[in-house]
Amino acid sequence: MAGELDAAEKIYHERLMANPADADAKSSLALISLQRRVAGTDLTNLKVPTATDVSARLVFADSLILQGSHEQAYALLIESIKAVVGVERDEMKARLLELFEIADPADPVLLNARRALASALY
């Protein structure tokens, strides 16, 4: 990930086309997407935005993931999923699912977050 996002993305897309179950390729593509989203964004001194400030919450969650605070990022997005509706809720859910791809599937934090998301949605 030395700045060659386009080349890396192409390689991982090819791997995923050859094997749609390739968890490493899915995780890597999610990480590339995260890197692109935060490129050029000052992530220092961010404050926790309100639950309904969707765009700020998405940036804040990305910054938490980059800091290794996955549990906080998941909780932040799940809180917003409970607070918003429609397209904004769908956007939050999609981002959360993408961030889930970065984590180890056996991580207890991820498993708890998946349960919390299911509870928030239903």
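Helices here are DSSP runs of H or I with at least four residues, and strands are runs of E with at least two. By that count, the protein chain has six helices and zero strands. The model is predicted. From the N terminus on, the elements run α-α-α-α-α-α.

**Overall shape**
- A compact globule of 122 residues would have a radius of gyration near 14 Å; the protein chain has 15 Å, which agrees.
- The C-alpha trace spans about 40 × 35 × 25 Å along its principal axes.
- Of contacts between residues at least 6 apart in sequence, 51% join residues at least 24 apart.

**Surface and charge**
- Buried residues account for 36% of the 122 residues.
- The accessible surface is about 7,100 Å², and carbon and sulfur atoms hold 55% of it.
- The protein chain carries 13 positive and 18 negative side chains. The centres of the two sets lie 5 Å apart.

**Helix α3**
- Helix α3 covers residues 54-66. At 1.5 Å a residue, its 13 residues should span 18 Å; the end C-alpha atoms are 19 Å apart, which agrees.
- Its buried residues are Val54, Arg57, Leu58, Phe60, Ala61, Asp62, Ser63, Leu64 and Ile65.
- The cover over these buried residues includes α2 (23-38), α4 (70-83) and α5 (86-102).
- Just after α3, glycine 68 takes a positive phi of about 85 degrees.

**Serine 63**
- Serine 63 lies in helix α3.
- The relative accessible area of serine 63 is 2%, so this residue counts as buried; the cut-off is under 20%.
- Beyond its neighbours within four places in sequence, serine 63 is in contact with Leu43 and Leu46.

Methods:
Residues numbered from 1 in each chain as written. Predicted model: local features only at pLDDT ≥ 70, side-chain atom pairs only at ≥ 80, totals over all residues. Heavy atoms only, no water. Expected span 1.5 Å × (residues − 1). Buried < 20%, exposed > 50% of the residue type's maximum accessible area, 1.4 Å probe, protein only. Contact = heavy atoms within 4.5 Å. Rg over C-alpha atoms; globule rule 2.2 N^0.38 Å. Areas by Shrake-Rupley, 256 points an atom, 1.4 Å probe, with all protein chains shown as cover. Lys, Arg positive; Asp, Glu negative; His and termini not counted. Charge placed at Lys NZ, Arg CZ, Asp CG, Glu CD.
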